[in-house]
Amino acid sequence: MITSIDNKILIAHLLRRAGFGCTYDQIEKLSLMEYDDVVDLLINPEYGPPKDQDLLDRYFIASVEARTARHADPQWTWRLAKSEKQLEEKIALFWHGLLAVGGIKLDHGLAMLEEIDLFRKYGLGKFGTLLLKISEDPGMMYWLDNQNSHKDAPNENYGRELLELFSMGIDENGEGSYTEDDVKTAARAFTGWASRPTPPPFFLGPFPMEFSFDKSDHDNTEKTFLGEKGNFNGNDIVNMVAKHPSTAKFICKRLYLYFVSETEDWDEINKLSEVFLKNNGEIKKVLEAMFKSEHFKSRDIRFKKVKSPSDLVFGISRLVDKYKIPNLDSAELAINTLLMGQFLMNPPSVEGWHEGEEWIDSGSLIERINYASTEISNTSSYGVKRIIEIIKETNISEPNDLINRTLETLGYIDITEKTKEMIKDHLRKNKFTNKEDKILDVLKIIVSTPDFQYC
Amino acid sequence: MVTTKLEYSHTIGIASFEGRGFMNPIDIKYNNGILFVLSRSNASNKNNRVSAVTIDSEHKFEFAHWGEDKGKSILPTAIVFDKNNKLYLSDEHLNRISIFDCNGNFIDSWGEYGCDTGQFNRPSGLAFNKQNELFIVDHLNSRVQKFDEKGKFISSFGLFGTKEGEFNYPWGIALDNEENIYIADWRNNRVQIFDSSGNCLKIITNFNGSEFNKPSSVHIDNRGYLFVSNWGNNSVIIFDEKQNYLSEIFGDASLSKWCQEFLDVNPEQSSWRENAGLYEEEKKFWKPAGIETNENLIFISDSCRHRIQIYKK
């Protein structure tokens with residue numbers, strides 16, 4: 001029997017993993033629905049621009065013609081901080097880390113924004129479609145040097161990363177299901193795939209990048225790939241790779257590590273792989289099975305995953321409900337994730353980011369605590385005012401009750417008993433001039449604890 | 001219907017974070033032979049400024065760079081000259097009006113955030129009337145406020161909405177010779193015309209069978225012709241003094257003198273451009289904003305292409 005409070009706790013957990021979290025009031029509203037219905041809502045976003053796209057463009061005109069990834073920041077960070085279609089942004093971030101293109105080398109903010117939008121549009125659909133779209137993405141072609149891959153001299157970069165990092169990967173035994181010859185064949189199949197040249201951005205700003213296919217530079221001969229023979233082109237390679245069982249395992253492992261736990265559980269990953277194969281690689285079906293599983297909902301999974309810088313920054317932004325319309329502060333949110341080690345639209349390599357405990361070092365931890373503490377103490381933010389109001393509405397005198405109520409208002413989060421005792425001790429030893437100061441103090445302490453670094 | 005095609009003259013500008021060139025120019029004013037171009041720039045590079053240049057592409061000086069101190073700006077939105085040749089600049093982040101002489105020396109500033117009379121919530125378009133009174137589009141307060149040149153509040157009109165006389169994120173403003181007030185009612189996709197007391201006289205929502213798409217700027221020349229930056233559709237629309245449609249232009253830019261010089265000394269970049277061959281694309285407006293005219297010429301700030309496209313009247 002799922003109680004009302006259990007439903008709220010589960011929905012809050014779901015929103016932290018399938019999104020960036022939400023406010024107490026949003027949880028209250030969503031909890032009028034069954035948990036599974038909330039999952040269905042999340043996995044079926046309607047693709048399209050945000051309703052305030054025009055405002056973003058007006059206020060941050062340089063992001064419209066984004067020359068670099070930094071120029072593009074205001075566009076994506078606004079959606080990360082505000083979009084109601086949370087999973088659409090979360091899955092875009094996932095694919096951005098897996099099918100990684102580095103903004104510094106690409107040096108084309110417009111192309112980066114196009115790519116992020118590609119992840120929104122196809123990221124929950126069939127993996128084969130997504131893989132084909134990213135193979136036709138001019139930014140990806142440029143990033144992995146495919147413009148230098150010619151019929152007579154194939155460049156293996158894209159073919160290799162396609163198999164090793166983007167699809168088939170390696171299995172639980174550390175072995176790949178493809179050979180070095182398969183890599184070479186894939187490279188030959190993608191010859192002629194490139195991006196159209198654009199004028200340099202240094203005098204008129206950037207021009208949109210476009211995919212190009214040069215038939216005369218494509219290797220149009222018979223090839224052998226994964227044991228099959230044929231005159232394969234890039235589409236054929238993508239189709240063969242996308243339906244391969246190794247791809248199912250690799251993609252489901254990465255989805256599991258991103259959404260569920262940093263510790264591989266191959267029983268769960270194999271279950272997801274079966275869903276992947278049964279549904280022609282449809283990612284939303286995999287996520288539906290994942291989020292509705294008892295494993296995902298279990299207490300063992302909650303608050304065991306280190307928040308990425310994006311989880312932390314956009315989670316706090318949403319919690320404190322700071323932005324009504326785009327402003328200078330929202331435009332610079334990416335600086336905060338950068339200071340914590342995540343340079344959005346510029347992953348460190350084609351491998352993307354190394355997640356988990358690696359996010360946290362002494363420097364980034366200070367940034368995390370400072371950011372969270374500053375934002376939660378900003379009483380001009382609507383969300384902070386609302387948290388204080390909710391706690392005040394409950395007539396609480398005992399420190400333990402105050403802490404528990406505060407944890408609920410922060411999204412039904414958990415902290416350890418040891419941390420609770422520490423906060424109680426702090427409350428006993430200090431005198432507060434008014435109730436609001438006391439609440440703010442508890443809020444600041446909670447977001448500064450190690451416990452708050454987990455979701 | 002009579003349509004006229006404007007004759008293109010030349011282009012000024014090059015993308016530049018500082019010095020010669022512009023970075024997302026969103027407004028332009030002509031004063032005594034000098035063009036004052038307002039670069040909006042972006043949140044990360046912080047290269048906003050007002051540049052003073054000649055029509056022949058001579059860079060003179062610049063001012064109002066990034067900063068909160070007096071004489072600086074953060075998110076500038078518009079500039080205008082008063083009858084004493086003082087330049088007024090609106091800043092929607094600082095909610096402040098800054099005043100400079102025509103050499104770029106700071107004189108004064110005023111304004112504060114709020115929704116009370118005389119306060120601002122993101123001031124944008126600016127225009128003076130013949131009495132040297134300043135109209136400010138106070139866009140998030142959905143109103144137009146009138147001040148004297150010292151910043152003393154005189155009157156205001158408008159409120160949020162979609163009905164006649166109401167505004168939805170208004171942006172640009174212009175006054176005609178009879179002191180009627182034209183407002184680019186941006187999110188309502190229309191231009192509204194008011195008398196000097198703020199009574200709505202006319203609403204223009206379409207032209208030549210098309211509808212406006214987020215008009216950002218309006219300008220009236222000495223003939224009474226109305227120019228509208230159709231920002232969302234990357235075009236500029238011209239009407240005669242009776243608001244009859246004359247033409248729509250999409251940009252005709254050639255390489256500016258500064259761009260040509262850049263390519264001459266950077267043959268690799270020039271070769272890159274030739275290889276791309278997007279010459280027709282290069283001509284087009286991308287988010288046109290502020291418009292200005294003098295006796296003979298029309299100046300259009302082409303904000304995403306970092307240049308001013310100039311046409312003959």
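This is a predicted model: local features need pLDDT of at least 70, side-chain atom pairs count only at pLDDT 80 or more; totals for chains, interfaces and linings use all residues.
Me: In what order do the strands of the open sheet in chain B lie?

Reply: The order is β16-β17-β18-β19, four strands with antiparallel pairing. At the edges are β16 (173–175) and β19 (200–204) of chain B, each of which pairs on one side only. Three bridges hold β16(B) to β17 (residues 181–185) of chain B, and B:I173 has B:I183 in β17(B) as its bridge partner.

Me: Which residue takes a positive phi in the hairpin of β24(B) and β25(B)?

Reply: In that hairpin, with five residues between the strands, B:Q243 has a positive phi near 65°. The strands themselves, β24 (residues 235–239) and β25 (residues 245–249) of chain B, run antiparallel and are joined by four bridges, with B:F239 partnered by B:Y245.

Me: How should I read the packing of α12(A) and α13(A), and at what angle do they pack?

Reply: Two packed helices are described by the angle between their axes and the distance between the axes. Here α12 (residues 157–164) and α13 (residues 180–189) of chain A pack at about 125°, with their axes 7 Å apart (axes are lines fitted to C-alpha atoms over the stretch in contact, and angles run from 0 to 180 degrees between N-to-C directions). That makes α12(A) oblique to α13(A), since angles under 35 degrees count as roughly parallel, over 145 as roughly antiparallel, 65 to 115 as roughly perpendicular and the rest as oblique. The residues that meet include A:Y158 and A:L162 in α12(A) and A:V183 and A:A186 in α13(A), contact being C-beta atoms, placed from the backbone, within 7 Å.

Me: How many residues of chain A are in contact with chain B?

Reply: By that contact criterion, 23 residues of chain A touch 30 residues of chain B. Among the elements of chain A that each supply at least two residues to this side are α6 (69–82) and α21 (328–331).

Technical notes. Residues are numbered from 1 along each chain as its sequence is written. Chains are lettered from A and ligands numbered from 1 in the order in which they are written. Two residues are in contact if their C-beta atoms, placed from the backbone, lie within 7 Å. Two strands pair if DSSP finds at least two bridges between them.
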